[in-house]
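Thanks for making time for this; I would like to walk through the charged side chains of one structure, taking the pairs and the surface in turn. Please have a look at the sequence and the structure first.

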Amino acid sequence: MATLSLNNPSRTRNPAPHHHKPISKICSLTRPTKISFNFSTKTPPKLHHFRPIKSVSESSLSEPKEAEAESDDFEDDPTQELSYLDEETDPESITEWELDFCSRPILDIRGKKMWELVACDNSLSLQYTKYFPNNVINSITLKDAIVSICDDLGVPIPEKIRFFRSQMQTIITKACKELGIKPIPSKRCLSLLLWLEERYETVYMRHPGFQKGSKPLLALDNPFPMELPENLVGERWAFVQLPFSAVMEEIASFETRFIFGASLDLDLLGIEIDDKTLIPGLSVATSRAQPLAAWMNGLEVCSIEADTARACLILSVGISTRYVYATYKKTPVTTSEAEAWEAAKKACGGLHFLAIQEDLDSDDCVGFWLLLDLPPPPV
């Protein structure tokens with residue numbers, strides 16, 4: 001397995017390859033055309049763990065039988081709004097939200113596109129939706145709506161709110177800061193993104209005002225990748241694979257030892273993978289692994305992409321930032337390996353990981369991020 005230097009202006013862009021022993025429990029892609037997998041996951045993954053939903057008019061003190069009946073009524077009415085909190089969840093434990101405030105492919109009685117606020121936590125214990133006319137879209141409306149959610153559901157003002165549309169950053173940031181909330185621009189709003197995908201099919205398409213073929217008003221950005229900042233530069237990297245069981249061991253280590261990184265709720269996302277399935281990843285080694293992992297930890301790492309046309313790796317962070325994370329000399333061998341890595345990622349429903357180590361021969365990771373490459377939502 002060839003290991004190539006990470007991109008750095010002070011270093012050559014196409015360095016000579018070096019050879020190394022893969023890190024413990026990780027298999028290198030030495031035979032990219034013969035990678036074998038045993039998958040039980042679905043591509044793309046679907047949400048299988050949605051909580052029962054209640055309408056806005058439903059009381060949190062309703063009797064179980066009444067709540068069940070009203071929930072059934074809601075499912076037949078795509079015009080209804082949601083205001084739901086899982087009764088088994090401690091309201092004080094919900095400190096982080098995921099939020100979208102955008103137009104929908106639905107026309108109101110004036111013939112104008114309706115806007116919708118969709119908010120949830122990453123476990124979907126909190127679910128809230130509300131429609132708005134297009135002439136009241138501002139930070140004041142959003143701030144008042146956030147306060148209303150907290151009042152209606154009896155939850156505290158969240159400490160953080162993640163959002164994924166760069167075009168709404170000004171409005172969302174202003175509303176959050178006026179309430180003392182930390183706004184986090186991030187595409188790691190996976191519960192929200194998959195919920196929007198499901199709502200498109202189960203709600204928006206069934207709405208009487210639905211406009212078939214309508215394109216999203218605020219499409220997600222996909223800017224040209226920039227040069228990697230010096231503080232994010234590593235020294236060596238390798239395409240690797242890790243059995244799913246070992247991935248779970250790394251995630252579990254977050255609670256037993258200090259390690260930078262982030263996980264995903266795979267049960268909520270409906271991703272079911274056999275323990276022996278090999279998950280593709282990228283291993284990055286550097287003598288300054290601790291500071292590098294610390295810097296990466298504040299970036300909301302979203303995904304890594306192998307761009308075979310440009311012979312480089314693209315790192316996506318936040319909502320609209322893309323970096324040329326590494327370059328390599330384009331040869332039939334390196335192209336085949338990059339294609340195999342992308343194919344492995346696609347076969348896993350977009351699941352992959354980033355590991356940061358002090359050395360590629362090390363048994364331990366200083367940083368570990370579980371990532372999911374999702375297509376943009378249809379709205």
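Let me begin with a question: is Asp-363 buried or exposed? Keeping in mind that what we are looking at is a predicted model, the answer is that Asp-363 is exposed, with a relative accessible area of 54%, which puts this residue over the 50% that exposed requires. As for where to find Asp-363 on your screen, look in the loop between strand 17 (351–357) and strand 18 (367–372). Asp-363 also belongs to a negative surface patch, whose other members are Glu-358, Asp-359, Asp-361 and Asp-364.

From there I would like to turn to charges that do find a partner. In general, side chains of opposite charge can pair when their charged atoms come close. In this model the count of salt bridges comes to 13, and I will take three of them one by one.

The pair I would show you to start with is Lys-143 and Glu-178, whose side chains meet in a salt bridge with 3.3 Å from N to O. Lys-143 sits in helix 2 (residues 139–153) and Glu-178 in helix 3 (residues 169–178), so that this pair, 35 residues apart, links distant parts of the chain. Both partners are partly exposed, Lys-143 having a relative accessible area of 22% and Glu-178 a relative accessibility of 43%.

Next comes Arg-162, which forms a salt bridge with Glu-300, and here the closest N and O atoms are 3.0 Å apart. Because Arg-162 lies in strand 8 (residues 160–163), while Glu-300 lies in the loop between helix 7 (289–297) and strand 14 (301–307), the pair ties together parts that are 138 residues apart in sequence. Arg-162 counts as buried, at 16% relative accessibility, and Glu-300 is likewise buried at 16%.

How many residues apart in helix 8 are Glu-342 and Lys-345? They are 3 residues apart in that helix, which spans residues 332–347, and so they are separated by about one helical turn. Glu-342 is partly exposed at 22% relative accessible area, whereas Lys-345 counts as buried at 2%.

Note on methods. Residues numbered from 1 in each chain as written. Predicted model: local features only at pLDDT ≥ 70, side-chain atom pairs only at ≥ 80, totals over all residues. Heavy atoms only, no water. Salt bridge = Lys/Arg side-chain N within 4 Å of Asp/Glu carboxyl O. Helix = DSSP H or I, 4+ residues; strand = E, 2+ residues; numbered from the N terminus. Buried < 20%, exposed > 50% of the residue type's maximum accessible area, 1.4 Å probe, protein only. Patch = residues over 30% accessible without salt bridge, like charges linked within 9 Å, V, L, I, M, F, W, Y side chains within 5 Å. Areas by Shrake-Rupley, 256 points an atom, 1.4 Å probe, with all protein chains shown as cover. Lys, Arg positive; Asp, Glu negative; His and termini not counted. Charge placed at Lys NZ, Arg CZ, Asp CG, Glu CD.
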